[in-house]
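Open the model in your viewer and keep the selection panel ready. We will go stop by stop.

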Amino acid sequence: MPLAVADPQASSQTVGTPALNFAIFAFFVVVTLIIAVSAAGKNKSTTDYYAGGRDFTGWQNGIAIGGDYLSAASFLGIAGIIALAGYDGFLYSIGFLVGWLLVLLLVSEPLRNTGRYTMADVIDLRLRAVPVRAAAAVSTLTVSLFYLIAQMAGAGALVSLLLGISSRAGQDIVVAVVGLLMLFYVMVGGMKGTTWVQIVKASILAAGAAVTTLWVLSRAGFSLPSLLHHAAASSPAGAAVLGPGLEYGVSTVDKFDFISLAVALVFGTAGLPHVLMRLYTVPNAREARRSVVWTIWVVGLFYLCTLVLGFGAMWLVGGKAIKAAPGGGDSAVPLLAYHLGGTLLLGIVAAVAFATILAVVAGLTITASACFAHDVYAGVLRHKEAEPSEEVRVARITAVVIGTVAVIGGIYAKGIDVAFLVGLAFAIAASANLPSILYSLFWPRFTARGALWSIYGGLISSVGLIIFSPVVSGQSSAVGAISTSLITNPHINFAFFPLNNPGIVSIPLAFFLGWLGTVTDRQPADPVRFARMQVRALTGVGAERAGRS
Amino acid sequence: MALFQPASKGASGTPAAQPARSGASGYETVRASRDFWTIRRRFESFIVPACATFLVWYFLFVIIAVFAPGFMRLDVFEDVNVGLCFGVLQFASTFAIALAYRRWAQRRLDPLSERLRQRLEAGRY
């Protein structure tokens, strides 16, 4: 067997040559750092730092959004689920794609027309209430941090496979180095530098995925039925891997858990703060619409590639070798690359995966720091009287704090499935953010009370249900003595909510609370503000322009 | 920055000095206007059916996958089954709706909203 991991005795826990992987990765880091520094410009005004001067074109921003969205969870996670569970991984990727239509049709243009930098801007324009801005900021920060920790945890798991670092301390150091690099991009590059890093990363990710996909297809004689046939033949489950149900179909609870995940994926994309913030980097609503159409192409074609990669790994590497490798399912694509193209292709795939984590982490950090500086510091604490240079300074300091929190969180969350954590972040985003965005834009009666009920209700119910779910405690495991939940002691069990993903309960609840809080509000909504919102949203009057503000 | 100031039309003094409330009431006039009503109706006439279609189509797919996996496993040709075709159709429909919306918005929506925006910014409302 050519694979080092297939030999349990001599297993060095790595495949390929770590030195080569490291060299390719270092090359990428140097190139992107140069890009970030040279693209950065001065980054003095808030428009420069938060929105990259608003002069990216639709296609540039569309590819950058794709770069922000296609995290390691997508690249390694989804292909890994397909390699191990077959069709059910494909169901995941469809949810991740279809959610973009909601962004395109309902959110992108009105958001670009009515906000400046953040989601809270839009809700604030409509409701003009400091507590609502604070609530929107709290939910933005929660979702960003959750997503950020998921990415950092993935970084830790990856290094053990790709760089041959198997000691705990060594992995922790790599997580910290990822954090430092990302901080450098964000502090020096601002939104402009970060956007260019995303564009470069998305391009090499797409190229890497396309080359590997074609390679797999060529092995199968460019015939999809033949690839599927080989994959099913090499799996112990046989033809069952080509249909749904292996991962999510065993019990009724599993089935509802999957529906809950599907709801969260479709409604979550339109509530992700780091995606929404990217819509402000283009000059107008028309370019925002174009960006999202570009993103849909990038994301959709990429997920079609992961289908081939996943079944290719099932066929050529085999489920047994994937499960035995460090990182489990996440190692399917690296192992496939090694099988096809040896150490060089593995090195490239490893560098792409690292680049992905680095870039997504940078995008999340700039979003969270902008949210704190713009919404909390300038909007709530200083009552919008802060100087722009002061706001940018606060954003930079916040980035350091958030980077530190993410590194520490990533070290502790190491080993949790990345795609799964991201699914939870989507559920929180869909519950806490989306109802208020949609009500602000389209419902004339919506009031500040409704917004507070919906944001806090959605946030508390989604996070609360996760805490009382089998994710945190009480999951029985095949081994028996150790629970597969976060709390590994099987005697501690406070999981009264049976589903892993809270979306099916918390998202409708947040919409309902927004409605209830509004209709029971004694103060009626201000019709003038709704008129202003709608006229601005649909015509672009008064929208923020490109260039200096 | 040239922002829309509806209050400036008949008001004395600088627009910036106007109280926000009386300034914003111009937006209600615009919202009630026939031009704006046309834009709104047109926007809704595409967005509402498009959202309803893709959400129903997607959840139909999810529910069949979860509750009727046997149907998804039926082979269409060789090892390609109903589930795979259904899934690939979800990709195709997403691409199609996105392209149709971009095309439709550019031809049917942008000219109207552009014209109204220019009139508003010139203060003719």
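Select B:Pro49. This proline sits in helix H2 of chain B; helices (H or I, at least four residues) and strands (E, at least two) are DSSP runs, numbered from the N terminus. Is B:Pro49 buried or exposed? B:Pro49 is exposed, because 10 other C-beta atoms lie within 10 Å. The cut-offs are these: buried takes 20 or more other C-beta atoms within 10 Å of a residue's own, exposed takes 12 or fewer, and partly exposed is in between, with C-beta atoms placed from the backbone. B:Pro49 and B:Phe36 are 13 residues apart in sequence, and their C-alpha atoms are 20 Å apart in space.

A word on the model. It is predicted, and local features need pLDDT of at least 70, side-chain atom pairs count only at pLDDT 80 or more, and totals for chains, interfaces and linings use all residues. Residues are numbered from 1 along each chain as its sequence is written, while chains are lettered from A and ligands numbered from 1 in the order in which they are written.

Show the whole of chain B. It has four helices and two strands. From the N terminus on, they run α-α-α-β-β-α. Of the 125 residues in chain B, 27% are buried.

Next, show both chains. Here 49 residues of chain B are in contact (C-beta atoms, placed from the backbone, within 7 Å) with 47 residues of chain A. Which element gives the most to the side of chain B that touches chain A? H4(B) does, with 19 residues. Color that side by class: 31 residues are nonpolar, seven polar and eleven charged. In this scheme Ala, Val, Leu, Ile, Met, Phe, Trp, Tyr, Cys and Pro count as nonpolar, Asp, Glu, Lys and Arg as charged, and the others, Gly among them, as polar.

Move to chain A and its largest nonpolar core. A nonpolar core is a set of buried Ala, Val, Leu, Ile, Met, Phe, Trp, Tyr and Cys residues joined through C-beta atoms within 7 Å. This one has 229 residues, and A:Ala313, A:Val361 and A:Ala425 touch the most other members. Helix H14 (residues 332-381) of chain A gives the most to this core, with 32 residues. Select A:Val361. Beyond its neighbours within four places in sequence, its contacts are A:Leu148, A:Gln151, A:Met152, A:Val178, A:Met182 and A:Ala406.

H15 covers residues 388-412, and its 25 residues reach 36 Å from first C-alpha to last. That is close to the 36 Å expected at 1.5 Å a residue, the expected span being 1.5 Å times one less than the number of residues.

Now find two arginines. A:Arg54 lies in the loop between helices H2 (46-51) and H3 (58-69) of chain A. Its phi is positive, about 55°, although it is not a glycine. A:Arg54 counts as buried because it has 26 C-beta neighbours inside 10 Å. A:Arg128 is in the loop between helices H6 (119-127) and H7 (130-162) of chain A. A:Arg128 also is not a glycine, yet has a positive phi of about 45°. With 13 other C-beta atoms within 10 Å, A:Arg128 is partly exposed.

Last stop: select H3(A) and helix H8 (residues 168-219) of chain A. They pack at an angle of about 75°, with their axes 8 Å apart. Axes are lines fitted to C-alpha atoms, for helices over the stretch in contact, and angles run from 0 to 180 degrees between N-to-C directions. H3(A) is therefore roughly perpendicular to H8(A). Angles under 35 degrees count as roughly parallel, over 145 as roughly antiparallel, 65 to 115 as roughly perpendicular and the rest as oblique.

Terms used:
Two residues are in contact if their C-beta atoms, placed from the backbone, lie within 7 Å.
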